[in-house]
Amino acid sequence: MGMKAQLALHAAVGLLAIGVVSANAGSGDSASYGTGSADRFKGFVNTHGTSAERVAVSHVTDVRRPAPPAGGTGSAEVLTDLTGGPPGGGTRPARLIAAAFADWKHDERGHVTVYGSAGEQLATRAY
């Protein structure tokens with residue numbers, strides 16, 4: 001296959017992938033739990049969580065759900081404004097956020113990962 005044919009094929013595959021992602025944007029396979037998901041999560045914790053969990057979830061900025069692999073369990077990403085490591089002290093609040101998320105999503109099986117402001121992984125937990 002010539003270089004022009006390969007480029008055309010890669011371009012077509014790229015456009016197809018963009019179309020699939022766009023088509024799934026409103027379905028349950030989207031990259032987010034939907035508008036206001038962080039607010040709904042915070043609301044749940046403010047109603048049902050401990051005082052330490054309430055303080056921790058005040059740092060949540062977004063909740064995302066990448067599409068699960070075929071036959072795999074779901075996963076979620078919770079983005080925060082926490083800084084990681086001992087200087088920032090973000091790991092303890094991140095563990096509280098992960099535990100609260102597991103309670104919020106108790107009806108599903110999966111995995112939640114909490115990320116800090118710089119994109120570093122702070123905590124992870126199965127739910």
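Gly 110 is located in strand E3, which spans residues 110–115; strands (E, at least two residues) and helices (H or I, at least four) are DSSP runs numbered from the N terminus. The model is predicted, so that local features require pLDDT of at least 70 and side-chain atom pairs count only at pLDDT 80 or more, while totals for chains, interfaces and linings use all residues. Residues are numbered from 1 along each chain as its sequence is written, and side-chain values use heavy atoms, with hydrogens and water left out.

With a relative accessible area of 9%, Gly 110 is buried, a term that denotes under 20% relative accessible area, as against over 50% for exposed and the range in between for partly exposed (1.4 Å probe, protein chains only). The C-alpha atom of Gly 110 is separated by 5.1 Å from that of Ser 75, although the two residues are 35 apart along the chain. When residues up to four places away in sequence are not counted, Gly 110 touches Thr 73, Gly 74, Arg 125, Ala 126 and Tyr 127, contact being defined as heavy atoms within 4.5 Å.

Strand E3 belongs to an open sheet of 4 strands in the order E1-E2-E3-E4, with mixed pairing; two strands pair if DSSP finds at least two bridges between them. Strands E1 (60–64) and E4 (121–126) stand at the edges, and because each has a single partner strand, one side of each is left without a neighbour in the sheet. From one strand to the next, the twist averages 15°.

E1 and E2 are antiparallel and share 4 bridges, with Val 60 having Thr 80 in E2 as its bridge partner. E2 and E3, by contrast, run parallel and are joined by 6 bridges; here Ala 76 stands opposite Val 112 in E3. The antiparallel strands E3 and E4 are joined by 5 bridges, and Val 114 has Ala 123 in E4 as its bridge partner.

E2 is mostly covered, 5 of its 7 residues being buried.

The protein chain as a whole contains 5 helices and 4 strands, arranged from the N terminus as α-α-α-β-β-α-α-β-β. Of its 127 residues, 31% count as buried.

Terms used. Axes are lines fitted to C-alpha atoms, for helices over the stretch in contact, and angles run from 0 to 180 degrees between N-to-C directions.
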